[in-house]
Amino acid sequence: MDTMRERFASVVSRLLDDDPRLAVVLAEIGKDGFTDAARAHPDRVINVGIREQLLVGVGGGLALTGMRPLLHTFASFLVERPFEQVKLDFGHQGVGGVLVSAAGSYDWPAGGYTHMAPGDVALLDTLDGWTVHVPGHPDEAETLLRDAAAAGDDSVYVRLSAHSNSAPRDIVPGRFLTVREGRHGVVIAVGPMLDDVLTAVEGLDVTVLYATTVRPFDARAVRATAEAAVGGVDVVLVEPYLAGTSAAAVNDALADRPHRVLGLGIPRRELRRYGTIDEHLAGQGLDPGALRERISAFLR
């Protein structure tokens with residue numbers, strides 16, 4: 001199976017052939033995936049080198065001319081380092097584009113904390129109007145990338161990861177998918193956390209919602225699930241980035257009824273280790289065993 005990043009390069013290279021409005025802007029990282037596309041479209045595949053602020057600035061400039069730019073590098077270099085440019089060159093200028101990240105929270109632990117971005121979605125939450133997709137499988141990444149490329153002038157963030165579920169789901173951009181139904185709690189699994197969540201809640205009488213688009217937040221799905229509950233509603237969020245990032249969205253969705261929310265994800269405490277993705281997830285209490293213990297304790 002290919003990775004989400006490999007699928008991104010192949011899908012967008014084909015989209016460049018079909019849509020003259022699209023342009024890809026790179027900052028050295030990922031350029032090898034676009035070698036053929038750059039040869040076919042040298043004016044629409046632009047590598048600015050290791051200059052992430054320029055990456056975003058060029059993308060914003062292309063958007064001002066009516067182009068639909070797709071910008072790609074690691075999440076820490078795409079959202080965190082050039083955040084002022086994202087805020088001004090897209091938001092303040094009133095133009096849209098597609099930011100496509102890689103490396104997520106712990107994709108490349110050997111790169112150290114400079115290559116980790118557990119706070120990327122929370123940071124984008126400080127801006128208005130961004131759509132945020134978090135696919136859990138390369139097939140889902142393709143669906144969401146195609147949707148983002150065709151999304152008019154909207155601002156979209158697609159968070160790709162080496163962490164992946166074993167199989168794709170039949171997702172619809174913007175909607176949560178009900179994977180299983182139960183009566184004693186709701187667990188929202190975001191993107192690549194679904195497999196571990198399903199293992200963790202085996203035998204528990206809970207509903208599992210699968211979220212691959214987290215902004216806008218599918219409040220309707222959460223409210224519809226809550227209607228089946230008697231009395232208060234217990235909701236557990238399992239996110240592959242900063243813990244509690246979507247807690248406020250859940251609170252807003254259930255503002256008219258009693259509820260409790262547990263946000264599980266990457267804590268603010270920095271885990272100063274290298275290791276592997278799985279070791280980092282275990283160290284942060286996000287492996288199936290730890291998830292089951294934390295979810296069960298909360299629901300009791």
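Biologist: Let's start with phenylalanine 77: buried or exposed?
Modeller: Phenylalanine 77 counts as buried because its relative accessibility is 7%. Buried means under 20% relative accessible area, exposed over 50% and partly exposed in between, with a 1.4 Å probe and protein chains only. Bear in mind that this is a predicted model, where local features need pLDDT of at least 70 and side-chain atom pairs count only at pLDDT 80 or more, while totals for chains, interfaces and linings use all residues. Residues are numbered from 1 along each chain as its sequence is written, and side-chain values use heavy atoms, with hydrogens and water left out.

Biologist: And how many aromatic pairs are there?
Modeller: The count comes to five aromatic pairs. Rings of Phe, Tyr and Trp (its six-membered ring) pair if their centres lie within 6.5 Å; planes under 30 degrees apart count as stacked, over 60 as edge-to-face and the rest as tilted.

Biologist: Why is the pair of phenylalanine 74 and phenylalanine 77 called stacked?
Modeller: Their planes are at 15°, with the ring centres 6.0 Å apart, so the pair is stacked. Phenylalanine 74 is buried too, at 11% relative accessibility. Ring pairs also link Phe74, Phe77 and Trp108 into a cluster.

Biologist: What about phenylalanine 90 and tryptophan 130?
Modeller: That pair is edge-to-face, because the planes are at 70°; the centres are 6.4 Å apart. The pair links distant parts of the chain, with phenylalanine 90 in helix 5 (residues 83-92) and tryptophan 130 in strand 5 (residues 130-133), 40 residues apart. Helices (H or I, at least four residues) and strands (E, at least two) are DSSP runs, numbered from the N terminus.

Biologist: Which residues have the most contacts inside the largest nonpolar core?
Modeller: Leu71, Trp130, Tyr157, Phe176, Ile188 and Val222, in a core of 47 residues. A nonpolar core is a set of buried Ala, Val, Leu, Ile, Met, Phe, Trp, Tyr and Cys residues joined through side-chain atoms within 4.5 Å. Apart from that core lies another, of 26 residues, with Ile171 and Leu286 among them.

Biologist: New topic. Where is histidine 41?
Modeller: Histidine 41 is in the loop between helix 2 (35-40) and strand 2 (45-47). Histidine 41 is buried, with a relative accessible area of 13%.

Biologist: What does histidine 41 touch?
Modeller: Leu16 and Asp17, leaving out residues up to four places away in sequence; contact means heavy atoms within 4.5 Å. The C-alpha atoms of histidine 41 and serine 13 are separated by 9.4 Å, and the two residues are 28 apart along the chain.
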